[in-house]
Amino acid sequence: MPIRTMRVSGAPRTTGLPGAPDSAPGGTGTPAKARARRAGLRGEGTWGWLFVSPMVLVLGLFMVLPILMALWVSLLHWDGQSNPFSGQADFVGLDNYRSLLTQDGLDRTLFATSLRNNLYYVLLTVPLQTLLALGLALIVNQRLLRGRGALRTTFFFPSVTSSIAVSTVFLFLFQGSGAVNSMLSWIGAKGPNWFADSRGVLSLVLGGLGIVDPERPTGMLADHSTMGLSWFEWLSGPSVAMCTLILLAVWTTSGTFMLIFLAALQNIPRELEESAAMEGVNRRQMLRYVTLPALRPVLFLVLTLGLISTWQVFDQVYVMGQGAPGNTTLTPAFLSYSAGFDNADFGQGAAIAFILLALILVLTVLQRWALRERGARTGRNR
């Protein structure tokens, strides 16, 4: 078949060969083919939305819609007895938020106390559970260790046990005549009445060193206050009772994070470790320069999950004191529950929940920024 050359708008085009494309080199095809391709993509998008529509409906009905309803309730003074979307509930705007953040009174003092308690809970629980989980994962990841499966099960068992049951056991262990104080008596130490001691641990240490008088603080710590609490109350540390909750949280959550770290450790290429060992790298250098950089994404995941869960702690507080002694174990999550179901002020309870949500989001963003990859920037050649 002879080859015919056509010229369209000054560009040569070769046609007539069997199987030859209908477009010039580098073209996108005929308009008909482009329309067919776009129609196929639209069809795939339609089928995709069709398959995910059940989950979208579930999330919309049981997550997005309740969140929007709770946001509306936070703008009301509602006792839970009437319809919040009718005129029977008093619309107060941002008054619930003002009473918690800016207005002097019992509401702001209790909320500040709960934030202080939860802040110490987070600052101690998240690092301790992360370090313990990483240490356990490194131990059970040893290839020459015998009984690794039994150790994994043992370390993970507290994480699958009911938190209510574990809290009840801790109540018996840490009572005045419990097993913990009995073991302390063996070494000549007298244990405190753990769940009835509201003294701050840091203030006790400073008082023992003679730096601060915990009973009568003076100076700047006593003269200045933030959100209704003096600086001494902010800096006195977690109470003895809160320390038991911290021990409980570390013991029950480290097993879950251990499995996450273990899965990440087993995904590190052995060739990377072997090449580092051939270079004469010792165990400490291997952990610092090989293992931890490979675990950076998993470390961010563990820290994020730990941060969220510790700011939402509720069940242990509910079982082990409900804020007692002296509101030193009070947390924002339990305060939100108490405001709604004990004081019939669901508007304030919802406002506390949304302030807590905003706090968690801000801290998560800051944590992501702190753990971001800090690679070397390459500038343009000029």
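Author: Start with the contacts between residues at least 6 apart in sequence: 66% of them join residues at least 24 apart. Contact here means heavy atoms within 4.5 Å. This is a predicted model, where local features need pLDDT of at least 70, side-chain atom pairs count only at pLDDT 80 or more, and totals for chains, interfaces and linings use all residues. Residues are numbered from 1 along each chain as its sequence is written, and side-chain values use heavy atoms, with hydrogens and water left out.

Reader: Why is Asn117 called buried?
Author: The cut-off for buried is under 20% relative accessible area; over 50% is exposed, and in between is partly exposed (1.4 Å probe, protein chains only). Asn117 has 5%, so Asn117 is buried. Across the 382 residues of the protein, 32% count as buried.

Reader: Where is Asn117 found?
Author: Asn117 sits in helix H3, residues 106–140. Helices are DSSP runs of H or I with at least four residues, strands are runs of E with at least two, and both are numbered from the N terminus. The protein has 16 helices and six strands.

Reader: Which residues is Asn117 in contact with, leaving aside neighbours within four places in sequence?
Author: Met242, Asn327, Thr328, Thr329 and Leu330. Pro332 lies 215 residues from Asn117 along the chain, yet their C-alpha atoms are separated by 9.0 Å.

Reader: What makes the link between Asn117 and Arg116 a polar contact?
Author: A polar contact is a pair of N or O atoms within 3.5 Å; within protein, one must be able to donate a hydrogen and the other to accept it, and residues adjacent in sequence count only if both atoms are side-chain atoms. The side chains of Asn117 and Arg116 are joined at 3.0 Å, a polar contact.

Reader: Which residues are closest to the centre of the second largest pocket?
Author: The second largest pocket has a volume of about 390 Å³. Of its 23 lining residues, Arg116, Ser198, Glu233, Ser236 and Thr328 are closest to the centre. A pocket is an open set of points on a 1 Å grid over the protein atoms alone, where a 1.4 Å probe fits, with protein on both sides within 12 Å along at least five of seven lines; lining residues have an atom within 4 Å of a point.

Reader: Which element gives the largest share of that lining?
Author: H3 does, with five residues.

Note on methods
Points joined across faces, edges and corners; volume = space filled by probe spheres on them.
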